[in-house]
Amino acid sequence: MEPEDIVKAQLMDARDLDRTLDRMARQIVEVSEPGEPVGLVGMQTRGVHIARRLHDKIRAADGIDIPVGVLDVTMYRDDFRNRLKQPTVRTTHVPYDVSGRRLFLVDDVLYTGRTARAALDALMDMGRPSGVYLLVIVDRGLRELPIRADIVGREVPTLPGEEVRVRVSEIDDRDGVWLVEHPRA
Amino acid sequence: MSSESTQGTTTLQDAPVILGHRHLLGLRGWSRPEIAHVLATAREFRDVLSRPIRRVPTLRGVTVVNLFFEASTRTRISFELAEKRLSADTVNFTASGSSVSKGETLKDTARNIEAMKIDVVVIRHASPGAPHFLTRCVDAVVINAGDGAHEHPTQGLLDLLTITDHFPEVRGRRISIIGDITHSRVARSNLYGLTAMGAEVTLCGPPTLIPPGIEGLVESGSVRVTHRLDEALDGCDVAMALRIQLERLGRQLFPSLREYHERFGIRMEHLERYKDLLVMHPGPVNRGVELAGDVVDHERAVILDQVTNGVAVRMAVLFLLSGGTAEA
């Protein structure tokens, strides 16, 4: 968790998260047409690790090696000038041509929809994907834009002062999902 | 994320670095983490430049004015391109044919610009300190694009970016700056930037073109002076040749260009003797003076990489300085 976070509930433990990812991996395979070119795109930072895990699960179960790209949307955000903190750009690296490919865009939490909007713009600047699916571990509601996820781990109605923290062991101390209250959220 | 973690301290850190500067007036006083943060950001923008659509909407709605009181082609074009690649609105102002030739002072020019609601001012001026002065008259972010013989910070940053492409860790690397140190803002910005990053800097040139006591310009770090080219190149990783600015030399400070080339020009024999030496030059090159023609075209001359990196570095600087404040 972040400093100042007050944990209100644990939404998933490590096992729940793993099962959720298993189910999402199944759904990716189900919605993909046989032979259709597909790609995973993980959004910085935790979406990247989730995308890699989905890739590993699909390769282990189906022998399909879906390429994984990394996307940072800082350059495409609409609140660039209003935010008080100086922005940090993270790596964007999509190692395949997105044109004509069905993309699975992976993020940890879907909230206002603004990050997903920025990600769509970023992807369109790279080419013309044949389609984009949005995958999230948690849809916490409170959308500000007409955007929805196609594959959702879990829907959790939340309040504006709350935050959903998805934690992955690659960069955090453990796996799991928590609902927290954050003083400045 | 292998590319993020393998290049040591000059790449993006997990903990975001907040720049302690609102303007970029010079590299003096910029810390190693701050410079590393700009370089890491510039690498991401360089990737944008190689995509099919070489433009991002990041600075949409931001207005930048390029105030060039002094002739410049590549720096002005580089800034303009950086601004356009970030989708900023740009206005160009060049001294000739403007109100300056009608006798307007810098302060009045600045205040007029302010009245037009400009967010960022990029300024080149013949007087050292002009960008600094501007920060006191306008509310906009000020970026120094070269002020007299003082500093040219984005050149220093793009040179550092080019060096880190070959040497990810700059600390302990030996960099020689060769030529007219006295009149060179590029030399000063590089001196500050390189020593902040921990490089060992050698300044080399004729005694008439190196100010006495220049080693004392930096508070800490390794700077030495030599008047012999071989001493500067022996064991050196990167040689940065400076342009002999014929237009700036008021009086004769060395006998002739031919003699300068023979004593301080980098020639093929040097590239043959120093097998790993990289050669840089801020441009435009006087072929046959600072560098022999075949050296300019040699694969170990990275002059065009510097030009490409210039656009990326300027994008990074514009991005970091115009989005959010350090105080919050």
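In this predicted model, the count of cavities of 30 Å³ or more comes to 1. The space inside the largest cavity is about 30 Å³. The second largest pocket has a volume of about 560 Å³. Helix α5 of chain B, residues 130-137, has a set of buried residues as well.

**The cavity**
- By class, the lining of the largest cavity holds 4 nonpolar, 1 polar and 2 charged residues.

**The second largest pocket**
- The lining of the second largest pocket is made of 28 residues.
- Nearest its centre lie Arg74(B), Thr75(B), Arg124(B), Gly283(B) and Pro284(B).
- Four helices of chain B each give at least two lining residues: α3 (74-85), α6 (153-166), α7 (185-196) and α12 (303-322).
- The most comes from α12(B), with 5 residues.
- The lining of this second largest pocket divides into 12 polar, 8 nonpolar and 8 charged residues.

**Helix α5 of chain B**
- Ala130(B), Pro131(B), Leu134(B), Thr135(B) and Cys137(B) are the buried residues of α5(B).
- These buried residues line one face of the helix, because they fall within an arc of 165° when seen down the axis of α5(B).
- An α-helix has 3.6 residues a turn, so residues three or four places apart point the same way.
- The cover over the buried residues of α5(B) includes the strands β1 (63-68), β3 (120-125) and β4 (141-147) of chain B.
- Helix α4 (106-115) of chain B is also part of that cover.

Note on methods: Residues numbered from 1 in each chain as written. Chains lettered and ligands numbered in written order. Predicted model: local features only at pLDDT ≥ 70, side-chain atom pairs only at ≥ 80, totals over all residues. Heavy atoms only, no water. 1 Å grid on protein atoms, 1.4 Å probe; cavity = no way out; pocket = protein on both sides within 12 Å on 5 of 7 lines; lining within 4 Å. Points joined across faces, edges and corners; volume = space filled by probe spheres on them. Nonpolar A, V, L, I, M, F, W, Y, C, P; charged D, E, K, R; others polar. Buried < 20%, exposed > 50% of the residue type's maximum accessible area, 1.4 Å probe, protein only. Arc of directions from axis to C-beta. Contact = heavy atoms within 4.5 Å.
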